[in-house]
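Here are my notes on this one, written for someone just starting out. Have the model open while you read, and take the points one at a time.

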Amino acid sequence: MVDVKELIKKMTLREKLGQMTQLDGFYFSESSAVTGPISEMNISEDDILLLGSVLGTTGASQTTRIQKRHMEKSRLAIPLLFMADVIHGYRTIFPIPLALGCTWDPELVEQAMAAAAKEASVAGVHVNFSPMVDMVRDPRWGRVMETTGEDPYLNSLFAKAFVKAYQGSSYDVPYTLAACVKHFAGYGGAEAGRDYNTVELSNYTLRDQYLPAYKAAVDAGCDMVMTSFNTLDGVPSTANTWLLREVLRNEWGFNGVVISDWGAVKEIIAHGVAEDGKEAVLKSITAGTNIEMMTSTYLNWGEKLVEEGLLDEALIDEAVERILELKVKLGLFENPYRYADTEKEKEIILCKEHRELAYETAVQSLVLLKNDDDILPLDAANKKIALIGPFAESRSILGGWSCEGRDEEAVSIKEGLEAILPADSLFIAKGCDIEEGTDQDIADAVRLAEKCDVIIAALGEHAGMSGEAGSRAFLTLPGRQQELLDALYSTGKKVIVVLFNGRPLDLRPIVEHSAAVLEAWFPGTEGGNAIASVLLGKKAPSGRLTMSFPYTVGQIPVYYNHLNTGRPKLVDTIENRFCSAFLDIPNKPLFPFGYGLTYTTFEYADIKLDNNMLTPDSVIRVSAVVKNTGSRAGVETVQLYIRDITGSRSRPVKELKGFERIELQPGEARKVTFDITEDMLKFTRLDGKFDSEAGRFTAMIGPNAEDTLSVDFILDK
Ligand code: GLC
């Protein structure tokens, strides 16, 4: 076993700074093409042999080649860490995380992400820049596609599931890799949903809404944290000593590695918090950012700062020790190639089991938003079905951050339908592209649709319209798609809309001109099979929204766990003008958090408590009876919300505190029970303590954040 402290004693200061620097795999190639870019970083080709980690290079042969050369040529032969973004799959691509969240099934998602880790590990990846757990309330922000939604509790459960999936019980367990939770912290709060924009959060909101999921990842043992591009209280996260030392290290006990996001060290200058690279390095290392990603200021300025007595080398040793400890933990000193294996790649990548898992998660991530007259599941017998739209035959359904995923390996909705439908029952026309379209194409599509019995319209955004730097100010369908939908609707045929998108959209015009709407997000490699199974009734939809869909973009931010304000809008009329409301739209979102339909209906009744007095050392139980009142079996996600009526600070009108997915046969009723403990009622009080406060509470049970039964209880302490 390597003695890290002894190894550090042998290292030169520049070698230490090299360990703290990560560059893209491009810089490790031996071609002359790198000479220019290396010199632009004001480092030498010899410096490449000092580096500690590689960004974004995957593939067993690629990573092995780079590692082998590094181990042979570098003075101390300290193995490289290979890090990559395997956000929702490596080559077998699962639904985007915002869709994975809609499964409300952390166990299933843990299985799926373990499969992703397996593929990434045999491809030579050691650290995965996932989970992304940024809490979000603004769908204009393109990176909502990477997160599991607007709720701290649900995001925390998923954060834990992702970390467990990647890291397993130990790195000795084959195909595990280190998780890197990101982006710490509060990145999802970018003003106006404009990426990289300023974040202004009260300490109360930061701690109780935005931080919990990062903490859940740290508590689950996550070995790396990535800093976010934004400022908090005007201080860039990468240079934020309060965030990185006080909160992350001292309060949460994190002792892993902190890595900056891409270029975020140097961006401290653009933030106006450092005069130059030298000051950026001083602030970043002092704050506790151990690895600089994709810039070379640590190498450019680190030695000078130490020589001038401005930077204590002990801070550098601290960073290097954490980096080396992670390499020891991953077993890299014993085996620098870890699980990289070209034969295993052939056996594991895109294997049948992984595709089946991709199918299952895609099915469970689909959210049925509208289903007039139970047009779905579609009775396709002896029917001519028109499949129209830019996504009708498209395999570009993997979404952003799809790593090594290949569109050509995905199953389109056309292929999924053809696999189930009788031959010659599908009639296809694109109608328009995602952003462009001609009158002729629209007319041709309408003419085709008029000859059919029912229309499936496959519409949406292309993957580049969400993800990093993918902010949109208009949330309507791009291009002429709405015009196409309106024309199809005007034929008088029933229109079923299937949506491919990376964010909640402004769906009103779509809902008004369709009989059914199925939110498919970017469903991944098996998307077409999953969608076809649900449309045709092989599977029933069970997804539930984890992010509110706004009534219109002007309503944003809109989220379920909002404060009551001093003038809540109690009824949806304009009479009471002087309340917190708009003159021209309702306060409620178009579709609320937790919402989703299936192919049956459920009734909730008989909510009750076994005791309406809770104390710090007691548990009370709240229950309700849920009945399947339809004619098909169905999965219902029964949700528990709690409201703290009065506190030292204003408290959310409700907060998700539990849920249970249950399957009920037609006519079957089941009592669903949740435990309530004092621990669930804790929050950041006015005195700064994270604790509960005695008083009145309401427990609510329902199918989503809006339609709930409620019952009151008291916390006595
Ligand atoms: C990007 C992203 C981050 C990603 C990193 C490495 O800028 O912000 O999520 O992990 O660079 O690719």
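**Notes on the model**

1. Let's start with the layout. The protein is split into domain 1 (349-543) and domain 2 (600-715), with bounds that come from an automatic or database domain assignment. Taken over C-alpha atoms, the centres of domain 1 and domain 2 are 35 Å apart.

2. A word on what you're looking at. This is a predicted model, where local features need pLDDT of at least 70, side-chain atom pairs count only at pLDDT 80 or more, and totals for chains, interfaces and linings use all residues. Residues are numbered from 1 along each chain as its sequence is written, and side-chain values use heavy atoms, with hydrogens and water left out.

3. Now find helix H7, residues 152-167. Helices here are DSSP runs of H or I with at least four residues, strands are runs of E with at least two, and both are numbered from the N terminus.

4. How many residues of H7 are buried? The count is 12 of 16, so H7 is mostly covered (buried means under 20% relative accessible area, exposed over 50%, partly exposed in between, with a 1.4 Å probe and protein chains only). Among the buried ones are Leu154, Phe158, Phe162 and Tyr166.

5. Asp151 caps the N-terminal end, with a side-chain oxygen 3.0 Å from the backbone nitrogen of Tyr153. Just after H7, Gly168 has a positive phi of about 60°.

6. Next, the sheet. It is open, has 3 strands in the order S17-S19-S22, and its pairing is antiparallel (two strands pair if DSSP finds at least two bridges between them). S17 (602-609) and S22 (669-677) are at the edges with a single partner strand each, so one side of each has no neighbour in the sheet. S19 (residues 619-628) is joined to S22 by 9 bridges, and Val626 stands opposite Arg670 in S22.

7. Finally, the ligand. It is surrounded by 13 residues, and the closest are Asp85, Arg143, Lys182, His183 and Asp261 (near means a heavy atom within 4 Å). Ligand oxygen atoms lie 2.8 Å from a side-chain N or O atom of Arg143, 2.9 Å from a polar side-chain atom of Lys182 and 2.6 Å from one of Asp261.

Notes. Expected span 1.5 Å × (residues − 1). Polar contact = N/O pair within 3.5 Å; in protein donor to acceptor, adjacent residues only side chain to side chain.
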